[in-house]
Amino acid sequence: MLEVRDLTKAFDGFVAVSRVSFDVPKRSVSAIIGPNGAGKTTLFNLITGHLRADAGRVVLNGRDVTGVPPHELCRIGVGRSFQRTNIFAKLTVYENVQAAFLSHRGRGWNLFTPVHDLYRDETLTLLESLGLGARAGEVAGFLSHGAQKQLELGLALALEPDILLLDEPTAGMSATETRETIRLIERVARERGLTLLFTEHDMEVVFSIAQKITVLHQGRVIADGPPAAVRADAEVRRVYLGERR
């Protein structure tokens with residue numbers, strides 16, 4: 001589904017991402033992990049067109065999409081969530097997801113068509129699948145942090161992506177919210193046949209659902225493979241646990 005080849009990005013001489021290469025198999029659940037400052041968010045921003053790479057390529061389903069802007073990537077099947085919750089705080093839960101459907105399906109610029117009931121069934125069905133059906137009429141800004149992250153996932157899913165990139169999807173959540181959110185993400189990806197790539201600090205979360213893990217340290221890949229191999233890798237253990245070789 002996704003191929004990253006020698007992706008590189010520097011800021012004023014500081015190399016944040018250095019010749020990073022990895023693959024994301026179709027319909028897999030893959031994770032990018034690494035200590036703070038490893039370059040995970042910069043890498044996501046390069047893949048999704050929020051930053052322009054200094055070198056390297058991003059290939060989606062065989063198509064070179066290096067440098068393609070985010071809105072165009074969205075149209076060809078790339079969904080994205082951010083570390084900081086990105087919702088319409090003053091709209092209701094229903095209106096948030098409906099707005100995403102309207103935008104994705106080209107109805108966002110028509111000022112003369114009543115929109116209240118457009119994509120109503122799709123919106124309510126999606127909210128039910130996320131466990132937010134009973135909260136459709138609530139103002140989004142008053143939801144708990146965990147519920148807002150669920151809603152943000154709903155906005156991404158309304159864009160009907162083939163691959164979904166989630167940047168720290170459980171950041172700031174309680175242990176209970178984290179478990180519920182990860183199980184939700186896992187179920188949604190399976191039911192919709194999505195390819196999922198996520199970054200995460202919580203190693204319990206990563207190793208519970210990831211089928212493939214890429215480890216970044218100081219902007220470069222130090223391990224890439226199935227969870228068991230990554231867990232046993234000496235360099236990974238040194239970086240995370242301070243073990244000496």
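**Close-up 1. Contact between helix α3 and helix α5 in a predicted model.** In this view V93, N96, V97, A100, F101 and H104 of α3 meet L151, G154, L155 and A158 of α5, where contact means heavy atoms within 4.5 Å. The residues of this contact divide into seven nonpolar, three polar and no charged; Ala, Val, Leu, Ile, Met, Phe, Trp, Tyr, Cys and Pro count as nonpolar, Asp, Glu, Lys and Arg as charged, and the others, Gly among them, as polar. Helices (H or I, at least four residues) and strands (E, at least two) are DSSP runs, numbered from the N terminus. Residues are numbered from 1 along each chain as its sequence is written, and side-chain values use heavy atoms, with hydrogens and water left out. Because the model is predicted, local features need pLDDT of at least 70 and side-chain atom pairs count only at pLDDT 80 or more, while totals for chains, interfaces and linings use all residues.

**Close-up 2. Packing angle of α3 and α5.** Helix α3 (residues 93-104) and helix α5 (residues 145-158) pack at an angle of about 20°, and their axes lie 8 Å apart; axes are lines fitted to C-alpha atoms, for helices over the stretch in contact, and angles run from 0 to 180 degrees between N-to-C directions. The two helices α3 and α5 are therefore roughly parallel to each other, a term for angles under 35 degrees.

**Close-up 3. The open sheet of four strands.** The strands follow the order β2-β1-β4-β5 with antiparallel pairing, and two strands pair if DSSP finds at least two bridges between them. At the edges stand β2 (14-24) and β5 (63-64), each with a single partner strand, so one side of each is left without a neighbour in the sheet. Strand β1 (residues 2-11) and strand β4 (residues 55-60) run antiparallel and are joined by five bridges; T8 has A55 in β4 as its bridge partner.

Close-up 4. The buried residues are K40, T42, L43, F44, N45, L46 and I47, and just after α1, G49 takes a positive phi of about 80°.

**Close-up 5. Strands β3 and β9 in the open sheet of six strands.** This sheet has the order β6-β7-β8-β3-β9-β10, with mixed pairing. Strand β3 (residues 29-33) runs parallel to strand β9 (residues 212-217), with four bridges joining them, and the bridge partner of I32 in β9 is T214.

Key: Angles under 35 degrees count as roughly parallel, over 145 as roughly antiparallel, 65 to 115 as roughly perpendicular and the rest as oblique. Buried means under 20% relative accessible area, exposed over 50%, partly exposed in between (1.4 Å probe, protein chains only).
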